[in-house]
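Please read the following walk through a protein model alongside its sequence and coordinates.

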Amino acid sequence: MSPNSTFPDLEEAPRQTAYNDVPAGSAPVADTTGATLAGFRNAEDLIIPNVEDVVEESTHPHGSDPVTSQTMILNMGPQHPSTHGVLRLVLEVDGETVISCAPDIGYLHTGIEKTAEAKFYSQVTPLTDRIDYICPMTNNTAYALAVEKLLGLEIPERSQYLRVLLNELTRIQSHLVWLGTHAMDIGALTVFLYCFREREDLLRIFEAISGQRMMGSYIRIGGVALEPPADIYDRIRKFLNAFPKHIEEYEGLLHGNPIWIGRLKGVGHLSAENAIALGITGPPLRASGVDWDVRRDMPYSGYDKFKFNVPVSQDGDVWARYVVRMQEMYESVSICHQALDLLANLHDTRLNADAPKIVLPDREQMKTQMESLIHHFKIVTEGFQVPAGEATSSVEAPHGMMNYYVVSDGTAKPYRVHMRNADFANLQALETMCKGRLIADVVAVIGSIDIVLGAIDR
Amino acid sequence: MPDPITNPATPDAIFGKDAVCEALADHVAVGALKHLILDAKWDRKELTLTVAPETIRAAAQAAKDAGYNFFEDVTAVDWYPAEPRFQVTYSILSMGLKQRIRINARVSSDDPRIDSITSIWPGANFYEREVFDLFGIHFAGHPRLTRIMMPDNWNGHPLRKDYPVEGYR
């Protein structure tokens, strides 16, 4: 390079490192975790590549070179349409075969657990809606159950069955989103339109009950937010009577479809031992042959009074997960019918727990009775104290087991709220399911574990 | 129903190792972990066993051998400014017994370190990374302990109590 050149001499200029303070020119330094920062040769190191990595990588021949038997690193997401949100996968591929797969998450981390520590107990409920935004009612239920356990509150039967009804409708709604998007990933676009047609009916039912299509915050500590509208049970019944026919419609589109069968059968296999070791729950666990459902095995909110089957499959592949979820929709319809029957006998009974210092009073009472006005004012301005202790609630969400761990120090704000969502653990199993398969199978497997990134990143 | 605010303690709560071991002598987890537990609590029909952080791997293995086959969750609670500051909380489920236990270990703030249980349950991998990221507790023996939620160049650990909820640190 000539001395008059305006370009800096690359050999002598100090190299900038992007994310760490490694001294210039030094050998790759091990960080506290033991991993070397420079010189990535596997998928995980590529998650945060620095300038040295990129320069080094550019001088190497890539996997497409027929002479060298090198693998290629492929970045998938976070804006990839089949990753169902902002999931980033770094795949190491040999030809089209996946050798390793490292999920990179955190793009949707909003610090809900931290925010919850600064809010009153009742103000946390709307935050829980936004965690797993495909099943807000389930999140509400799990949080309410944990706080009610701390408070020692007893919930009237009517509220309990209403919760069951809404939880099951939410499950149907969530499974419809799953089926539509899963089929769309595989290439069957029509199914998506049919699924969202029925989902629209459900969202309108949710809007009629809670005033909101998705983030209803309807299930509150001590019961539910409002008395449901008078005609809502008939509307739900009408939907439930029509819905099994619609499931048959979806099955008609998919069940005998050779492309659907070819893309799903035998793909993404997960054994029962691996599923338990990796913490898988929900339909993927039952599709691997483990007969475990929180609703039946550790009943909550009056689920012990309902009769339903838990669909289980022994195959452990993507097809098995499809079949299990389709059968679950039929079971949910049956549970909803039973809940409606039970609710019909409980028309004029109490809706919310008898705890005026915890449950907000009826609007009518608040405007007419001094006592209710005082309670309302107190709950809104200073919350309510929760006895010190820790409690875990566990519910069967559409995606799997959802636990809420709430710690109280005796004040009006939770000391710690932690959510265990099924999606987070289910994502861990992705590599096990994808190893040795084709890239196209990764798309099918992501669809089959039905992840929501809001629940993973929180 | 008694007012939960004026009657905070649940009447059937049992505190202390000896009291719990005596009252719940038949409980599978109490029997299996008896030699390891420092403190115990039976409250709101939930069993909490406290073990020393050095023995967490032994405790997890003992629980697994006793039939608590399913690892659910590990998280932490920051009891700042108390010492030992961090409470690492494991939630473990037995699918056969249909029971859930909680194993706690208290870790001090000057060297927040505890053994990883990924060798016993590989599913603990992401959960331990999350605790490392948000609380700054090191899990010795973890295959790849890096930040999972926050960017790699982030300063501080957001879920610690001395980290502000709003504004800049």
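The model is predicted: local features need pLDDT of at least 70, side-chain atom pairs count only at pLDDT 80 or more, and totals for chains, interfaces and linings use all residues. Residues are numbered from 1 along each chain as its sequence is written, and chains are lettered from A and ligands numbered from 1 in the order in which they are written.

Chain A has 18 helices and eight strands; helices (H or I, at least four residues) and strands (E, at least two) are DSSP runs, numbered from the N terminus. Of its 458 residues, 47% count as buried. A buried residue has 20 or more other C-beta atoms within 10 Å of its own, an exposed one 12 or fewer, and a partly exposed one a number in between, with C-beta atoms placed from the backbone.

In the largest nonpolar core there are 163 residues, and A:Val147, A:Val445, B:Ala63 and B:Ile137 have the most contacts inside it. Helix α5 (residues 157-186) of chain A gives the most to this core, with twelve residues. Such a core is a set of buried Ala, Val, Leu, Ile, Met, Phe, Trp, Tyr and Cys residues joined through C-beta atoms within 7 Å.

A:Met298 lies in the loop between α11 (294-297) and α12 (318-344) of chain A. This residue counts as partly exposed because it has 19 C-beta neighbours inside 10 Å. A:Pro81 sits in the loop between β1 (72-76) and β2 (88-94) of chain A, and counts as exposed because it has 10 C-beta neighbours inside 10 Å.
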